[in-house]
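The sequence and the coordinates come first.

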Amino acid sequence: MTEFNGCILDYDIHYSPLLLFQESEKKFSNPMRSSNPMRCLKNLPGIEELITDYSPHSLTIVYISIFLSLGVLCSTGSASTNDDILDVVIIGAGWSGLAAANYLIEAGITENILILEARDRIGGRSYTNDGLFESGHPVELGSNWIYPDTNVFDLVNELGIAHDTTVFDFDTLGLYDSGGELLEEEKSILVDETFLKDFVKYADKMANDETSWADIKQSYFTERPDLDSSKRQAINALVHTGISIEFGSPLNETNSGTTKEYLERGDWRNIEVMSVSGGEGGGYTGALSRGLAKSFEEKIKTNTPVVKIDQSGDVVEVYTTNGQVIYARSVIVTVPLGVLKKSSIEFVPPLNDAKLEAIDLIGMGNMNKVLMYWDMTTQDVSWWPEGKVDMQLITDQDSDSEDWTYFYNDHSHVGNEDYHAMTSWNAGDAADRLEKNTDEETMDIVLGNLRKMFGNDVPSPSKYIITRWRSEEFSGGAYSFDTVGSDLTDYRKTLGEPMNNVFFAGEATDIDGWFGTAVAAYTTGVKAAGEIDDSGILDMPLPDFQPTCTRMHGRCGEEFDEACCSGMSCVLDDRMAPIPTFTSLEGSINTITTTMIWICSPSQKKETERNRFGSISRISRTGHRFSGSGSD
Ligand SMILES: Cc1cc2nc3c(=O)[nH]c(=O)nc-3n(C[C@H](O)[C@H](O)[C@H](O)COP(=O)(O)OP(=O)(O)OC[C@H]3O[C@@H](n4cnc5c(N)ncnc54)[C@H](O)[C@@H]3O)c2cc1C
């Protein structure tokens with residue numbers, strides 16, 4: 001390859017300049033880069049007229065004179081390769097990653113960013129499905145409640161997204177056993193006398209950083225051998241909802257010292273819930289897509305899992321499973337603790353011991369839902385527990401007291417009068433155990449419980465969804481929790497500390513008591529973005545760095561595969577098809593229409609391409625990249 005007037009003449013790659021002419025800069029150029037192939041090609045002597053005289057004839061001449069003879073390739077060349085370096089690459093497009101990106105742009109720090117998201121959607125553990133059951137009724141598969149006077153709450157209100165108050169109080173709580181709803185007096189004995197007045201007081205005295213909730217329950221039961229089964233199961237159930245569901249945590253691992261106030265149901269809390277009717281684009285996902293991410297959607301690359309972050313060189317290199325290497329001055333990692341625990345991202349140099357200890361010690365809990373909908377036009381809903389908001393089945397024994405026994409009445413909210421949706425929940429150990437069940441097994445348990453509570457007439461729901469957050473590759477659980485042993489604030493702080501030019505955020509790094517929530521994710525994302533600004537990394541001169549691949553000569557998909565740079569994907573150049581065939585010269589020259597070429601492009605990859613790249617080892621790719629072979 002030789003440099004010529006700022007362009008690079010490439011003798012191997014049959015890249016048609018015709019395409020450069022026909023495709024606008026918008027389609028071809030990387031939004032992060034300033035150079036453009038058209039300008040570059042215009043530097044070739046005598047070519048200006050051909051480009052401006054944009055006729056089939058001139059195109060044909062261009063095609064013949066350049067493509068067939070030389071295979072001219074426009075490239076940024078070595079002179080401007082620093083353009084390939086992004087200021088900030090953010091890993092993960094959940095609340096944390098999107099908040100970081102939003103802050104970097106809004107605060108005028110930089111727009112030269114890219115967000116890499118493993119899933120085919122943004123939002124991570126916030127996942128609203130609009131109209132899955134019925135149009136206009138959002139369903140929340142992840143986060144559902146918003147807390148007053150917080151960043152998330154303000155954003156939701158600013159966008160006018162519908163929400164409604166959940167009134168958690170004694171009257172709207174329904175307690176049931178296999179014979180149906182308990183009488184008011186029985187309920188009062190279990191909730192007020194047994195649970196609130198006795199167990200919670202006992203727990204308050206026992207709770208500390210070294211004692212788990214399982215320990216407290218066990219010693220309470222041991223000291224009261226005569227406790228009747230209904231009281232025992234009521235305590236099991238209420239601790240499950242108050243602690244396990246709140247923190248997603250197994251009781252034998254949960255720090256009672258830092259969580260005890262959550263059990264005091266006497267302090268009934270009213271908070272706002274998002275899964276209420278209110279038109280399209282609502283819920284948690286609406287807040288992200290219409291709010292935080294609105295101004296930089298084109299900078300988010302979905303379907304792009306990151307597998308390695310290497311900062312052993314002058315710039316940080318981010319490797320994706322899609323076969324790309326992306327260069328950045330700094331990186332913000334916002335992947336969930338569950339992903340860090342699985343070590344699915346390789347760090348070079350490795351994460352330090354303090355961070356590894358934090359990853360190990362902070363718990364990653366689990367919480368799942370079965371969201372159900374009954375179509376009242378075709379199904380009997382006469383059994384519906386009108387007036388109840390949350391409902392608990394008290395079972396006969398310890399072993400199944402947490403198995404889909406808690407239900408939330410989504411129908412109780414404003415605008416949902418004709419919409420019969422109900423959600424069953426479980427968390428902690430029970431969630432991990434029950435997640436392994438098939439859909440049919442799950443629905444057998446859930447429906448069995450509903451029929452114990454409301455009678456045998458309860459029909460199967462018209463539609464349902466079962467979440468399995470632990471099994472989700474890119475979550476590895478629902479949210480982080482404080483394990484028993486010590487106060488984990490220092491460990492969360494350590495988890496969030498930067499390592500050179502790699503910064504960390506995400507709900508698990510929160511040290512203000514909001515961990516496990518979208519509020520924490522939002523706050524920590526902004527914090528990490530601010531840390532990058534404060535560090536001065538973005539003000540330093542760029543290193544003299546020459547990436548070995550550029551958008552035009554990343555020979556992806558060929559025998560000597562090269563990774564694509566800066567957010568580009570290796571895609572089949574399907575723009576070949578609409579190119580007109582050339583018959584203005586003798587015979588038909590339609591080579592262009594039939595040649596199959598893989599190119600580095602800013603457009604999203606297709607599923608099949610990802611599989612294809614799965615078979616190419618990263619070692620061979622990087623080996624090639626650094627060997628200087630190929631087109632360089
Ligand atoms: C069932 C459930 C109920 C909840 N209820 C509430 C609630 O009511 N109120 C509340 O405030 N919070 C709630 N939460 C918690 C809240 O959803 C989370 O704390 C918050 O969404 C976390 O945001 P994050 O940005 O830290 O992480 P995430 O949302 O998990 O975002 C991280 C992103 O990183 C991506 N990623 C992972 N690995 C890779 C990789 N290798 N490469 C690239 N990308 C990767 C993920 O796909 C994800 O999009 C709930 C969570 C769950 C699961």
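Among the contacts in the protein chain with a separation of 6 or more, what percentage is accounted for by residues 24 or more positions apart? The share is 75%. The model is a predicted one, and the percentage applies to that prediction.

**Overall make-up**

The protein chain has 632 residues, 48% of them buried. Its secondary structure comprises 20 helices and 28 strands.

**Ligand shell**

The ligand is surrounded by 39 residues, and G92, G94, G124, S143 and A521 are the closest. Two helices, α6 (95-106) and α17 (518-535), each contribute at least two residues to this shell. Sorted by class, the shell holds 20 nonpolar, 15 polar and four charged residues.

**Helices α9 and α10**

Two packed helices are described by the angle between their axes and the distance between the axes. For helix α9 (residues 213-223) and helix α10 (residues 229-247), the axes come within 12 Å and cross at roughly 165°. Angles over 145 degrees count as roughly antiparallel, and α9 and α10 are therefore roughly antiparallel to each other. Their crossing is right-handed. On the α9 side the contact is made by W213, K217 and F221, and on the α10 side by R232, I235, V239 and I243. This contact of α9 with α10 contains five nonpolar and two charged residues, with no polar ones. As a general point on such spacing, an α-helix has 3.6 residues a turn, so residues three or four places apart point the same way.

**Backbone details in loops**

A cis peptide bond links V348 and P349, with omega at about -5°. P349 sits in the loop between β17 (346-348) and α13 (353-361).

| Residue | Phi | Loop |
|---|---|---|
| W404 | about 55° | between β20 (390-393) and β21 |
| N500 | about 55° | between α16 (489-496) and β25 (502-504) |

Is W404 buried or exposed? W404 is buried, because 26 other C-beta atoms lie within 10 Å, and 20 or more is the cut-off for that class. N500 counts as exposed, because it has 12 C-beta neighbours inside 10 Å, and 12 or fewer is the limit for exposed.

**Helix α16**

In α16 the buried residues are Y491, R492, T494, L495 and G496. The elements that cover these buried residues include α13, β25 and α17. Of these, α17 (518-535) also supplies at least two residues of the shell around the ligand.

**H413**

H413 is located in the loop between β21 (406-409) and β22 (420-427). With 22 other C-beta atoms within 10 Å, H413 is buried. Which residues does H413 contact once its neighbours within four places in sequence are left aside? They are D164, V273 and V276. H413 and K436 are 23 residues apart along the chain, and their C-alpha atoms are separated by 32 Å.

Terms used
Residues numbered from 1 in each chain as written. Predicted model: local features only at pLDDT ≥ 70, side-chain atom pairs only at ≥ 80, totals over all residues. Near = placed C-beta within 6 Å. Helix = DSSP H or I, 4+ residues; strand = E, 2+ residues; numbered from the N terminus. Nonpolar A, V, L, I, M, F, W, Y, C, P; charged D, E, K, R; others polar. Axes fitted to C-alpha atoms, helices over the stretch in contact; angles between N-to-C directions. Parallel < 35°, antiparallel > 145°, perpendicular 65-115°, else oblique. Left-handed = near helix turned anticlockwise from the far one by under 90°. Contact = placed C-beta atoms within 7 Å.
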